[in-house]
Amino acid sequence: MIENLTLVEELKALDKKHFIHPTSSISQQQEKGPNMIIAEGKGIYLTDITGKKMIDGMSSLWNVNIGHGREELAEVAKEQMTKLAFNSCFSSFSNEPAIRLAAKLAQIAPGDLNAVFFTSGGSESNDTAIKMSRHYWLLKGQPNRQKIISRSKSYHGVAMGATSATGLKPFRDFTNSPSPDFYYVDGFSVEALRAKIEQEGPETIAAFITEPVQGAGGVNIAPENYFKEVRAICDEYGILMIADEVITGFGRTGKLFGMNHYEVAPDIMCFAKGVTSGYAQLGGVMFSDALHQAFIDLSQGTLLHGYTYSGHAMACSIALKNIEIIERENLVENSKAMGSELLKGLQYLQEKHSIIGDVRALGLMGGIQIVKDQQTKEAFHPPLSPKLVSEAEKRGLIIRAVTFDQDTLVLSPPLIIKKEEMNKMIDILDETFTVIE
Ligand code: PLP
């Protein structure tokens, strides 16, 4: 029993004792407890339990695209929960929100990705995409096609398949997951992909999985023709192309989906995060007409893959309203317009501060590469970005440091951000770099 403590102290003590935080240092957590206990969110702002208001420069985890505190979504949730929160969609059961969301996604997704399998998040979506690619080749009579090629610095989540496909080494070493079938293609050279396919044997490869813009890998943006060439190579070798649009979907990059920048339609597309802007846990996988038809024609009995929450009625109703808001408020266009402001701001910072080695942004997905020396590109050891994050926090801005194999700050504000708010973010970053240098 904790007595005579303020509410903050009480919650911190309970957090330290009972709450294992996702992707965080358990020992630091034990030592310090939570840094901020968030109590409220409105628009681009989060407020902690002590009343400290901060710009949510990360849309929390790249996902709160429409901003916090939307009453419309609370109303939809209440209405749907009161009517039907959940029913199983196994076998032949269904519900209207899941059906309508599947149809809406088919309308807005690239190419002929017209069939959806629902999950509860990004990791489950990638596991599903991997399993279904292998299943597809089994049905097609090519059981040897089991390997999945992914890219270095990629992040696909923490379920076993998603972890195995993740190129960022610390995630794999830490979880010690077996990954005999996954290979890493470095950099942006499609020739490296071709070489890897040849080395492994094209007839053993089921799919190539890629984020349109790598997020946790440090906002790495592929050059203009890269994915067209990747698509051509996949077609040449009969390899399925999986786009992991978990971060990049639903307007984050200034187009509805990241692959739209490259005018490429994958065979399989994974989504999560922005589909509900974090108002409910939902993800999914979309399949091209050809794949969907193959599953229909070749299926042998029950597809033994399904999550309890696949097609969750309340989550799907939230997603429908969220997409309606994105369309109604032209948030994809705003993401593009504010994305150019973000890039301009980052370029201004790079000119001014010697520890910024590179800046990049596509829509509202931005990265700042920290270096000791701009000329030699020498890095700081240990990385400096965590310090920059805490200095920015002191000044009212939440951003994120990615330090796996690198030293990068990443930013991804809500798509509703206005110019004045973007300027404020840049001003805070400017001050932050000035105190650190
Ligand atoms: N794929 C990408 C590109 C991601 O960035 C993430 C999470 O950040 C995931 C997959 C995993 O999604 P989730 O955390 O919802 O399982």
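## The antiparallel sheet around strand 14

In strand 14, Met365 is the bridge partner of Leu362. Strand 13 and strand 14 (residues 365-370) pair in the antiparallel sense, over six bridges; two strands are taken to pair if DSSP finds at least two bridges between them. Helices (H or I, at least four residues) and strands (E, at least two) are DSSP runs, numbered from the N terminus. The model is a predicted one: local features need pLDDT of at least 70 and side-chain atom pairs count only at pLDDT 80 or more, whereas totals for chains, interfaces and linings use all residues. Residue numbers start from 1 along each chain as its sequence is written.

The two strands belong to an open sheet of four strands, ordered 13-14-17-16 with antiparallel pairing. Strand 13 (356-362) and strand 16 (400-402) are the edge strands, each pairing on one side only. From one strand to the next the twist averages 25°. Strands of a sheet pair through backbone hydrogen bonds, either parallel or antiparallel.

## The mixed sheet

A further open sheet has four strands in the order 1-2-3-15, with mixed pairing. Its edge strands, each of which pairs on one side only, are strand 1 (38-42) and strand 15 (397-398). Strand 2 (residues 45-48) and strand 3 (residues 53-56) run antiparallel and are joined by three bridges. Within strand 3, Lys53 is the bridge partner of Thr47.

Strand 7 (residues 205-210) is largely enclosed by the rest of the structure, because six of its six residues are buried. The classes used here are buried (20 or more other C-beta atoms within 10 Å of the residue's own), exposed (12 or fewer) and partly exposed (in between), with C-beta atoms placed from the backbone.

Strand 7 runs parallel to strand 5 (residues 147-151), to which three bridges join it. In this pairing Ile148 stands opposite Ala207 in strand 7. Strand 7 also runs parallel to strand 10 (residues 240-244), here with four bridges, and Ile209 stands opposite Ile242 in strand 10.

## Surroundings of the ligand

The ligand has 14 residues around it, of which Gly121, Gly122, Ser123, Gly157 and Val246 come nearest. A residue is near a molecule or strand if its C-beta atom, placed from the backbone, lies within 6 Å of it. Helix 6 (residues 122-139) supplies the largest share of this shell, three residues.

By class, the shell has seven polar, five nonpolar and two charged residues. Nonpolar covers Ala, Val, Leu, Ile, Met, Phe, Trp, Tyr, Cys and Pro; charged covers Asp, Glu, Lys and Arg; the others, Gly among them, count as polar.

The axes of helix 13 (residues 331-352) and helix 15 (residues 419-436) come within 10 Å and cross at roughly 20°. Axes are lines fitted to C-alpha atoms, for helices over the stretch in contact, and angles run from 0 to 180 degrees between N-to-C directions. Angles under 35 degrees count as roughly parallel, over 145 as roughly antiparallel, 65 to 115 as roughly perpendicular and the rest as oblique. Helix 13 passes helix 15 in a right-handed crossing; a crossing is right-handed if the near helix is turned clockwise from the far one by less than a right angle, and left-handed if anticlockwise.

For helix 4 (residues 71-84) and helix 12 (residues 313-328), the axes come within 9 Å and cross at roughly 150°. That makes the pair, helix 4 and helix 12, roughly antiparallel. Helix 4 passes helix 12 in a right-handed crossing.

## Backbone exceptions and a buried strand residue

Most residues other than glycine have a negative phi, and most peptide bonds are trans. Ser60, in helix 3 (residues 59-62), is not a glycine and yet has a positive phi of about 65°. Ser60 counts as partly exposed, because it has 19 C-beta neighbours inside 10 Å. Phe250 also has a positive phi, near 65°, and lies in the loop between strand 10 and strand 11. With 28 other C-beta atoms within 10 Å, Phe250 is buried.

A cis peptide bond, with omega about -5°, joins His381 and Pro382. Pro382 has its place in the loop between strand 14 and helix 14 (385-394).

Ile268 is found in strand 11 (residues 268-271) and counts as buried, since it has 26 C-beta neighbours inside 10 Å. From C-alpha to C-alpha, Ile268 and Ala379 are 37 Å apart in space, and 111 residues separate them in sequence.
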